[in-house]
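This report describes selected features of one protein model. Please look over the sequence and the 3D structure before reading on.

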Amino acid sequence: MIVFLLPHSKKQSKISLKDCSSKAPPPSIVSTKSDNRLLPLWRLLKGPFWESLDLPALPPPVRDFILDNSLVLSPVFGILSPKECVYIHPYSWQELKNISKKVKEIAKERLKGSRVFIFCSAFERSLIKEAQVSETIEFLFYKKQTPIKDPRRHLAYCLRYIAEYCPDLNSLERINFLDYKVDSIIKNGSKTKVILSSPGFYGI
């Protein structure tokens, strides 16, 4: 099984939709104040990654490929599909520090044997260290040979490219967006790092 592991975000939408009018949210793993309105998680989450990914604007087959193969780590729900209907829960990992151990246990069970593509934060990545996955694929970005400190937008563009042009996931060396191209792919056991670099023609 392949998994695109996407980031949680405290920044969340306040739009109202009828997509979830007949559905119940998954059980939460922590007691929090909640809003009664339900939204698909992918329509709820905001922030640089989700706004750059811009799922509503993608062709339906590309959007569906991403949604069908993605999971999101959550400090409130543990781990869930972005297609699941949830209530607004604007909490950060820092606000719910004591939940990390429980999320690690859930991730170990849910990700076992999976090939995991990392598009989440470094902290979220640390929560799956103990999971017995078949492979992790991480993407690192450099601009004019300088590491990108906040790659959230880059990760979103990278995922969009993969979903549209490399859905077989066996030709990652082809990835290119804006002026970023793959420099090298480094494999070390079950860990793979894809290095992308840019000469700096664009703003990100």
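## Helix H6

Helices (H or I, at least four residues) and strands (E, at least two) are DSSP runs, numbered from the N terminus.

Several residues of H6 are buried, among them His154, Leu155, Cys158 and Tyr161. Buried means under 20% relative accessible area, exposed over 50%, and partly exposed in between (1.4 Å probe, protein chains only).

## Basis of the model

The model is predicted: local features need pLDDT of at least 70, side-chain atom pairs count only at pLDDT 80 or more, and totals for chains, interfaces and linings use all residues. Residues are numbered from 1 along each chain as its sequence is written, and side-chain values use heavy atoms, with hydrogens and water left out.

## The largest pocket

The largest pocket holds about 520 Å³ of space. Its lining has 32 residues, and those closest to its centre are Cys120, Ser121, Ala122, Asp150 and Arg152. Helices H2 (48–53), H5 (122–126) and H6 (152–165) and strand E7 (135–143) each give two or more residues to this lining. E7 gives the most, with five residues.

On a 1 Å grid over the protein atoms alone, a pocket is an open set of points where a 1.4 Å probe fits, with protein on both sides within 12 Å along at least five of seven lines; lining residues have an atom within 4 Å of a point. Grid points are joined across faces, edges and corners, and a volume is the space filled by probe spheres set on the points.

## Histidine 8

Histidine 8 lies in the loop between strand E1 (2–6) and strand E2 (38–40). Histidine 8 is buried, with a relative accessible area of 11%. Beyond its neighbours within four places in sequence, histidine 8 is in contact (heavy atoms within 4.5 Å) with residues including Leu45, His89, Trp93 and Glu124. A polar atom of its side chain lies 2.8 Å from the backbone oxygen of tyrosine 91.

## Two positive phi values

Aspartate 54 is not a glycine, yet has a positive phi of about 50°. This aspartate 54 is in the loop between H2 and helix H3 (60–68), and is partly exposed at 31% relative accessibility.

Lysine 144 also has a positive phi, near 50°. Lysine 144 lies in the loop between E7 and strand E8 (146–147), and is exposed, with a relative accessible area of 57%.

Key. Polar contact = N/O pair within 3.5 Å; in protein donor to acceptor, adjacent residues only side chain to side chain.
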